[in-house]
Amino acid sequence: MNWIRRCKLLAIEAIKYNGHLCLSPESLWDALHSMFNTTLNHQVDLNILNDIERKPSSQWFPFSKEKFKQAISNCNNSSASGPDKLTWRYLKSIINQDDYLINIINIANLCFELGHWPNYFKYLSTIIILKPNKTSYDQPKAFRPIVLLNTLGKLIKKVIAERLQFTVTSNDFIHLSQLGGLKFKSTIDASVVLTYIVRSGWVKGKTTSTLAFDISQFFSSLNHQLLTLILEKVGLKSKVSSFFTNYLVKRKMNYIWNDLHSPDFKINV
């Protein structure tokens, strides 16, 4: 599927949810929102964190120009823009001006000092696209939501994510077997780990079986209270945890289906 070209979706009347056809845009929005936010009120046992060692408190330093320039250098100019309609190409030209870059860095640093993520960055648009190679497209689960953030907020988020990954890897908080989504960890690394486990079993005369499974909507369904407690275990200062607590709440989102735009929905997952 070509991700940068428009793909026309089915008419909404072809979509069923809970045995009923979506005969109006309102029924389509309700079906999509219910499908993609199924874990909103699920409870989590927080006791699972009791066995995890709390790391010593670490300093959260101000962001640098180099980190912002590095974060934006790999961004694809043809990527879809968010609700602010700001493209990566235009933002890159802004970043090249030191005065503008310093203002952006000041925004990012103040967010952590105040423990606040501006509402402007909390507004999202969700584009609905087809999952490829499905035999039928009459259920919401046959579609994939692509969330578009305001581009400036997305840039700051990239720099924050880089800092978080450095923190959790430098203090050995990440388990050695966790490979996905980490820098300097590749498919080859995962293969080496699996091969080691298999051959260790062979030495003991054992046969190794592999069970793989996928947790639907795992990342979009993380429990906020649990995530905040995990960040405290990492050793982040209270003001950093306060920022992430505010970062996750009071968000609004609208859905886009062809030329149809939904009203705003409150979303806290």
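This is a predicted model: local features need pLDDT of at least 70, side-chain atom pairs count only at pLDDT 80 or more; totals for chains, interfaces and linings use all residues.
For the residue classes used here, Ala, Val, Leu, Ile, Met, Phe, Trp, Tyr, Cys and Pro count as nonpolar, Asp, Glu, Lys and Arg as charged, and the others, Gly among them, as polar. Residues are numbered from 1 along each chain as its sequence is written, and side-chain values use heavy atoms, with hydrogens and water left out.

**Cavities**

- On a 1 Å grid over the protein atoms alone, a cavity is a set of points where a 1.4 Å probe fits but cannot get out, and a pocket is an open set with protein on both sides within 12 Å along at least five of seven lines; lining residues have an atom within 4 Å of a point.
- Grid points are joined across faces, edges and corners, and a volume is the space filled by probe spheres set on the points.
- Searching the whole structure turns up two cavities of 30 Å³ or more.
- The largest cavity, with a volume of about 60 Å³, has a lining of Trp117, Phe121, Leu149, Asn150, Gly153, Lys154, Lys157, Tyr247 and Arg251.
- Four of these lining residues are nonpolar, two polar and three charged.
- Helix α5 (residues 151-170) supplies the largest share of that lining, three residues; helices (H or I, at least four residues) and strands (E, at least two) are DSSP runs, numbered from the N terminus.
- The second largest cavity holds about 40 Å³, and residues lining it include Ala80, Trp88, Leu149 and Lys154.

**Second largest pocket**

- The largest share of the lining, 12 residues, comes from α5.
- By class, the lining divides into 14 nonpolar, 12 polar and nine charged residues.

**Nonpolar cores**

- A nonpolar core is a set of buried Ala, Val, Leu, Ile, Met, Phe, Trp, Tyr and Cys residues joined through side-chain atoms within 4.5 Å, where buried means under 20% relative accessible area, exposed over 50% and partly exposed in between (1.4 Å probe, protein chains only).
- The largest core has 33 residues, and Phe63 and Phe68 have the most contacts inside it.
- α5 gives the most to this core, with seven residues.
- A second, separate core of 21 residues includes Met35, Leu124, Ala142 and Trp257.

**Strands**

- Strand β3 (residues 123-130) has six of its eight residues buried, so it is largely enclosed by the rest of the structure.
- Two strands pair if DSSP finds at least two bridges between them; β3 pairs with strand β5 (residues 251-257) in the parallel sense over five bridges, with Leu124 opposite Met253 and Thr126 opposite Tyr255.
- β3 also pairs with strand β4 (residues 143-148), in the antiparallel sense over six bridges, and Ile128 stands opposite Pro145 there.
- β5 is likewise largely enclosed by the rest of the structure, because six of its seven residues are buried.
- Antiparallel pairing joins β5 to strand β7 (residues 265-267) over three bridges, where Lys252 has Lys266 as its bridge partner.
- β5 and β6 form a hairpin with two residues between them, and Asn258 in the turn has a positive phi of about 55°.
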